Amino acid sequence: MTSPSQAGQQYVGVELCASSARAALVSPTGEVAARSEAVFSSDDLAAQIARLVAELRDAAPASVAAIGVGVPGLVSPQTGRVIISTDLPAVVRGDLRAEIEKAVGIPVKLDNDANAGALGEQTVGAGRGSRNMFYVTLGTGIGGAIILDGKLWRGASGFAGEFGHITIDPEGIECVCGNVGCLETVASAPNIVRRTHERLMRDSTSSLSRLGLNKNFTAADIAHEARGGDDFAAMMIARTGRYIGTAIAAVINLLNTELVVLGGGVMDAGALILDPIIEEARRRSFQPNFESTQIVAATLGPDAVPIGAALLARDAAQIGI
Ligand SMILES: [Zn+2]
């Protein structure tokens, strides 16, 4: 609910990535009024975020009531401090929330990026109207977030939803989290590239793949070639989908949510990845659970985290935390 005194107020949502940040000026109901983006260095993040906020205010003059920041890592809801971030280790050392507040002069709320993305999709994206939803973001890393009874489920200490670190291959490779064979070690964008390189080296069916022509290909290139009819690239995307679907089956069995929303750059492969995800989830989950769950692609693209972070800032400002 928005009180009359807040009617003109806006919120800024920021998504922090390993080497870039994206920000949006967002209305209290989740509409984006302006966007800004910048390549980041890891020192003095607060000053760089303050510049992004200033750019947004110049582009669409507005009274900004609070700022939300989605961080790739574990954020303590009690202290607002980042506990672990393998993508952005610099944010663990300082008190980023306090530093941004000092630089910008308005309240700041920090949260896990997947939590923010989930809230964005649930409010104005693919999860609109859903009360029980599981959200996955597949990119450089893999994040997850749980919405139960309309609210984010944070768990005992605020770190629930670490979907990327479910073990998918007990004899797999070591993960950044210290475990072996996490979903992230096979299905994150850099690991799709790693697996594809390995397979190109040893698989004779790869000899016709256009991917062999360019040594520095990305996960987006693999998806692009797959869409263009490259069978080898399509096989790598489909195998990735089956890994993800295996983990989704466990979630469906565990939570029985009505909706699973899949976002992040890896989902740009479209049906080539979504179909094998759904098929594998169907194959490996309990049938009544699968039949009561819809598995869909996210719809907000890169706006999901900034919108959700802004809404988390709105909620924190309204209840005074
Ligand atoms: Zn892991």
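Predicted model: local features only at pLDDT ≥ 70, side-chain atom pairs only at ≥ 80, totals over all residues.
View 1. With a relative accessibility of 41%, Asn256 counts as partly exposed, because the class of exposed residues begins over 50%. Asp149 belongs to the loop between β9 and β10, and its phi, about 50 degrees, is positive although Asp149 is not a glycine. The relative accessibility of Asp149 is 54%, so this residue counts as exposed. As background to both residues, most residues other than glycine have a negative phi.

**View 2. The open five-stranded sheet that contains β11.** Five strands are arranged in the order β10-β9-β8-β11-β12, forming an open sheet whose pairing is mixed.

**View 3. Strand β11 and the helices that lie across its sheet.** Five of the five residues of β11 are buried, so the strand is largely enclosed by the rest of the structure. Leu259, Val261 and Gly263 point one way from β11, whereas Val260 and Leu262 point the other way, and all are buried. Helix α9 (residues 271-284) lies across β11 and β12, and its direction makes about 165 degrees with that of β12. Helix α4 lies across β8, β9 (142-148), β10 and β11, running at about 50 degrees to β9.

**View 4. The packing of helix α4 on helix α11.** Two packed helices are described by the angle between their axes and the distance between the axes. For helix α4 (residues 113-124) and helix α11 (residues 304-319), the angle is about 90 degrees and the axes are 7 Å apart; the two helices are therefore roughly perpendicular to each other. On the α4 side the contact is made by Asp113, Ala116, Gly117, Leu119, Gly120, Glu121, Thr123 and Val124, which meet Ala304, Val305, Ile307, Gly308, Ala309, Leu311, Leu312 and Asp315 in α11. By residue class, this contact of α4 with α11 comprises nine nonpolar, four polar and three charged residues.

**View 5. The open sheet with β3 and β7 at its edges.** This open sheet has five strands in the order β3-β2-β1-β4-β7, and the pairing is mixed. Because β3 and β7 (108-112) stand at the edges, each with a single partner strand, one side of each is left without a neighbour in the sheet. Neighbouring strands of this sheet are turned against each other by 20 degrees on average, direction ignored. Strands β2 and β3 pair in the antiparallel sense over seven bridges, and Ser20 stands opposite Val39 in β3. Helix α4 packs on this sheet, touching β4 and β7, and its direction makes about 95 degrees with that of β7. Helix α11 lies across β1, β2, β3, β4 and β7, running at about 130 degrees to β1.

View 6. Helix α1 (residues 45-59) has 15 residues and reaches 21 Å from its first C-alpha to its last, close to the 21 Å expected at 1.5 Å a residue. Its buried residues are Leu45, Ala46, Gln48, Ile49, Ala50, Leu52, Val53 and Leu56, and what covers these residues includes β1 (9-16), β2 (20-26), β3 (32-39), β4 (63-71), α2 (90-93) and α3 (96-104). Ser42 is found in the loop between β3 and α1, where its relative accessibility of 40% places Ser42 in the partly exposed class. The C-alpha atoms of Ser42 and Ser20 are separated by 9.2 Å, although these residues are 22 residues apart along the chain.

Methods: Residues numbered from 1 in each chain as written. Heavy atoms only, no water. Axes fitted to C-alpha atoms, helices over the stretch in contact; angles between N-to-C directions. Helix = DSSP H or I, 4+ residues; strand = E, 2+ residues; numbered from the N terminus. Parallel < 35°, antiparallel > 145°, perpendicular 65-115°, else oblique. Contact = heavy atoms within 4.5 Å. Nonpolar A, V, L, I, M, F, W, Y, C, P; charged D, E, K, R; others polar. Expected span 1.5 Å × (residues − 1). Buried < 20%, exposed > 50% of the residue type's maximum accessible area, 1.4 Å probe, protein only. Pairing = 2+ DSSP bridges.
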